Amino acid sequence: MPKTGSNRFDYRAEAGQTQVNRLIATVERLEAEFQHRENAEREWATERGLLRAMIDQVPDYLFAKDLECRFLVVNKAVADIHGRARLQDMIGKTDFELHTPELAAQFYEIEQTVIQSGRPMIDMEEMVLDSTGAKRWLSTSKVPLRNDHNEIIGLVGISRDVTARRQADLVREEQALVLEMIAMNAPLGEVLDRLVRLMEAQLDGVFGSILLLDEDGVHLRHGAAPSLPADYSKAIDGVAIGPDVGSCGTAVYRRQAVVVADIASDPLWKNYSELAALHGLRSCWSTPILSHHGDVLGTFAMYSREVREPKSAETHLTELTTRIAAIAIERKRAEDQIIFLAHHDTLTGLPNRSLLKDRLTQAMLQTQRHNPWVSVVFVDLDNFKTVNDSLGHTAGDALLKIVANRMVDCVKATDTVMRLGGDEFVILLVDQPESPDAISATLNRIRAAIAEPVPFEGQVFHVTCSMGVATFPNDGSDAETLLMNADAAMYKAKEAGRDGFQFYTAEMNTKVHERLALQEAMRHGIAHCEFYLLYQPQVDLQTGRIFAVEALVRWKHPTQGVISPVHFIPLAEETGLIVPLGDWVLNEACRQNKAWQDAGLSPVNVSVNVSGRQFHEKNWICRVTRALRESGMEARYLELELTESLLMRNVDQAIATMKELQALGVHFAIDDFGTGYSSLSALKNLPVARLKIDQSFIRNLARDENDRGIAAAVISLGQRLNMRVIAEGVETDEQFAFLHDNHCDEIQGYHFSRPIKSKAIEDLLRSQTAMP
Ligand SMILES: Nc1nc2c(ncn2[C@@H]2O[C@@H]3COP(=O)(O)O[C@H]4[C@@H](O)[C@H](n5cnc6c(=O)[nH]c(N)nc65)O[C@@H]4COP(=O)(O)O[C@H]3[C@H]2O)c(=O)[nH]1
């Protein structure tokens, strides 16, 4: 560049160069700065974008509000829950534009507290309605929003949707309440009602209904439907289940859940869609309620006014609630069953003793108002014990059931037949006209019905009954007296020959007292040796010789004189006094027989009657061996007479006991043969040496063709079973001749000798010993 002549120029040029350089530097700096700022802005935009994406993708609700609680920032979740498509639509809004005034005011108050106090609120539970109107539970934290100068300029909030947890908690709490109700025996209707309401509270726009399956297993009955239209519930009450009976009838029929989303078009509802439409019901899903055994107890149905299906959470909740309904129903049924069992006899299903006084008292109260009579009829079966003992308990039970049904069939629906236990029944006849004839007509019907033959497992047996009647108000003014008097009348009917009835009369009470007195006197008599034995000879028909004597007990009462065993043995058996008395008889009979032998008389057997009560004593065998040991009499001279019914009660047990005694040498005879129901096979296995034909067949031999046939058959049967056959109660020459002609082995009866004292037997045996 030229230096001379151009100093100014140079200067200027130099100056210009510096300026340019500076400019360039400035431009470059600006450029760099600009670049830097651009970079920073780009980074900032990226960061903002990331931040936005982040807060929008968080499922929780995030927002910031200014001091007036207007939205400054919201994330997408907030816009969604409020049904806004764009985030901007939320900015500047307050809760008063989004929620009900009450809810908005509540939010406003809380937020102002946060802003003014500067203290955050953490994890508050609050309920909001979403854009669809559904309830949502939020767990919300709100903290103050501050600027760089630490001044509060608003608040920041974050909310989490805890609706599912909250619902589960509520359901659990409600379920616990319902279970508590079940445990506290609340009425079933109330429990089911609560369950339905629980479901309704959880599922929006849904009405619950519980139907119960009737005992007949076919019809559905109303259980609970607090929100369904009452007319609709009424219309479906009693509907029969089937393959196309709406949702519920079909669910029970199929034993599986049935979901009908649109009642109007579903074929399962073809017969009921009109009814549903009438009440605005559009969808129905029904779940069968199953017992823990898998039996259907009813249905749990949810109706809605819209076409819809249950969501999986709803199905889950329905299943859970249905299980609780099952527990409630089963519990109620068990309770009903317990109450029924407590008041009813399990065998016959009739009311039992526990209801008797109550029913009787009620009947008497009614009577006082309307004035007809109430009769209490005590019924006792006459020969039930024989059937039960000889044919076993199954036959006995079957008989009781048949007899119970027959009695029920004979009386009016308003009368009550009750079983007291065993073969004792009480019938309560109410609304009786004041006429003994009308009562007699009813009782005769009952008597005839019971006496009808009873077929059982190929056999036919007969029972009769004895009945005693006491009528209110004449025969007693309270339940207790009436029952006692009816009982006394029944005893009278027994005494009068059974198979009949007696009306109570005042004298009967003395009979009852007499019985009690007799029992007491017998106890005293045993302790004071008032009993003694008579002996009745048993004679061999071929040789005419006495081969045995039967020991028969007598009671010498200090004031009443000698009492026959017919009068005291049944009572002794009933009260258990037969055990000590029977022991005494056995010991005395053995002692006496040994004494005769020791006196040099030809040895005979001694036959002793044994009652069921004695035979079933645990140490019966020991008692017999002790009697033998103490008397010194050989076992082969002892014969024990057991009745046919006693033996048949438990044949195997009887055989075992008998065999043990037989091994010692003791013999056995079956007494009163022909009055029970021995089976031939049982008879064959019994270790019995002798059959005693019951005297009732001998008594009428001369007159009764049947009795002659029976006696002849028993003789032949016994002999074929290798037993000796003895006829008892032989009184007349004709009887004797018949038995002789029919080859009976032995006889016992007044024809030869009455029961006589030991001294008289001694004389008879002595004369026999002297005979060749
Ligand atoms: N009409 C009539 N009767 C006759 C004739 N021959 C005997 N008798 C009676 O018939 C009964 C026979 O005794 P059973 O059938 O064992 O019937 C006995 C027996 O079942 C029971 N019994 C008697 N003593 C005892 C005993 O020591 N223990 C037990 N468990 N029962 C006894 O009392 C029942 C009645 O005994 P009894 O009054 O002594 O009556 C006796 C006897 O006196 C006759 O030709 N005509």
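Author: Strand E1 (61-66), helix H2 (76-81), helix H3 (101-117), strand E3 (121-129) and strand E4 (135-146) each supply at least two residues of the lining of the largest cavity. Helices (H or I, at least four residues) and strands (E, at least two) are DSSP runs, numbered from the N terminus. The model is predicted: local features need pLDDT of at least 70 and side-chain atom pairs pLDDT 80 or more, while totals for chains, interfaces and linings use all residues. Residues are numbered from 1 along each chain as its sequence is written, and side-chain values use heavy atoms, without hydrogens and water.

Reader: What makes a space a cavity, and how many cavities of 30 Å³ or more are there?

Author: On a 1 Å grid over the protein atoms alone, a cavity is a set of points where a 1.4 Å probe fits but cannot get out; lining residues have an atom within 4 Å of a point. Grid points are joined across faces, edges and corners, and a volume is the space filled by probe spheres set on the points. By this rule there are three cavities of 30 Å³ or more. The largest cavity holds about 190 Å³ of space. Its lining has 17 residues, and Phe63, His82, His99, Leu138 and Ser159 are the closest to its centre.

Reader: Which classes of residue line the second largest cavity?

Author: Ala, Val, Leu, Ile, Met, Phe, Trp, Tyr, Cys and Pro count as nonpolar, Asp, Glu, Lys and Arg as charged, and the others, Gly among them, as polar. The lining of the second largest cavity, whose volume is about 100 Å³, has nine nonpolar, three polar and no charged residues. Among these lining residues are Leu211, Trp269 and Tyr303. Helix H7 gives the most to this lining, with four residues. The lining of the largest cavity has nine nonpolar, three polar and five charged residues.

Key. On a 1 Å grid over the protein atoms alone, a cavity is a set of points where a 1.4 Å probe fits but cannot get out, and a pocket is an open set with protein on both sides within 12 Å along at least five of seven lines; lining residues have an atom within 4 Å of a point.
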